[in-house]
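Biologist: Hi! Could you walk me through this model? I'd like to start with the surface.

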Amino acid sequence: MPHIDIDYADTLSGVLDLPALVAELHPLVVERVDSVGVGKTFCRPAAAFVEGRPRAAFVHVTVGLLAGRASGVRARLSEDVLALLGKHLSGVAEGATYSVEVRDLDPSYRLHPTH
């Protein structure tokens, strides 16, 4: 039941194929962490940001998981997500930076499933 947030520079809107990225990213994460249940992927363009260079393109992915995954699993997932981002950003935006953080969801997280 991963929660995946994709934050990206709005300068990539219309250039980065987000549906294609999500179509590969979401199942990759679910498979790598052997997840079940409800997962969500959110994409958010950032119109105002500082990346170290004025208006440089970036993509940052945060993957929130229920606690209990070994650090090695989280590290391998980070590498897999970076590789996927590299694939989707190659040729799209020269000099774009991309990053990923795999973290545990806060213990207060609750889900109200629909029936």
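Modeller: Happy to! The accessible surface of the protein comes to about 6,600 Å², and 57% of that belongs to carbon and sulfur atoms. Those areas come from the Shrake-Rupley method with a 1.4 Å probe, and for residues only the protein chains shown count as cover. Keep in mind that this is a predicted model: local features need pLDDT of at least 70, side-chain atom pairs count only at pLDDT 80 or more, and totals for chains, interfaces and linings use all residues. Residues are numbered from 1 along each chain as its sequence is written, and side-chain values use heavy atoms, with hydrogens and water left out.

Biologist: Thanks! What pattern does the protein follow along the sequence?

Modeller: The order is β-α-β-β-α-β, with two helices and four strands. Helices (H or I, at least four residues) and strands (E, at least two) are DSSP runs, numbered from the N terminus.

Biologist: Where does histidine 3 lie?

Modeller: Histidine 3 is in strand 1, which covers residues 3–9.

Biologist: And is histidine 3 buried or exposed?

Modeller: Histidine 3 counts as buried because its relative accessibility is 13%; buried means under 20% relative accessible area, exposed over 50%, partly exposed in between (1.4 Å probe, protein chains only).

Biologist: Which residues does histidine 3 touch?

Modeller: Leaving out residues up to four places away in sequence, histidine 3 touches Lys40, Thr62, Val63, Gly64, Leu105 and Tyr109. Contact here means heavy atoms within 4.5 Å.

Biologist: New topic: how much of the protein is buried?

Modeller: Buried residues make up 37% of the 115 residues.
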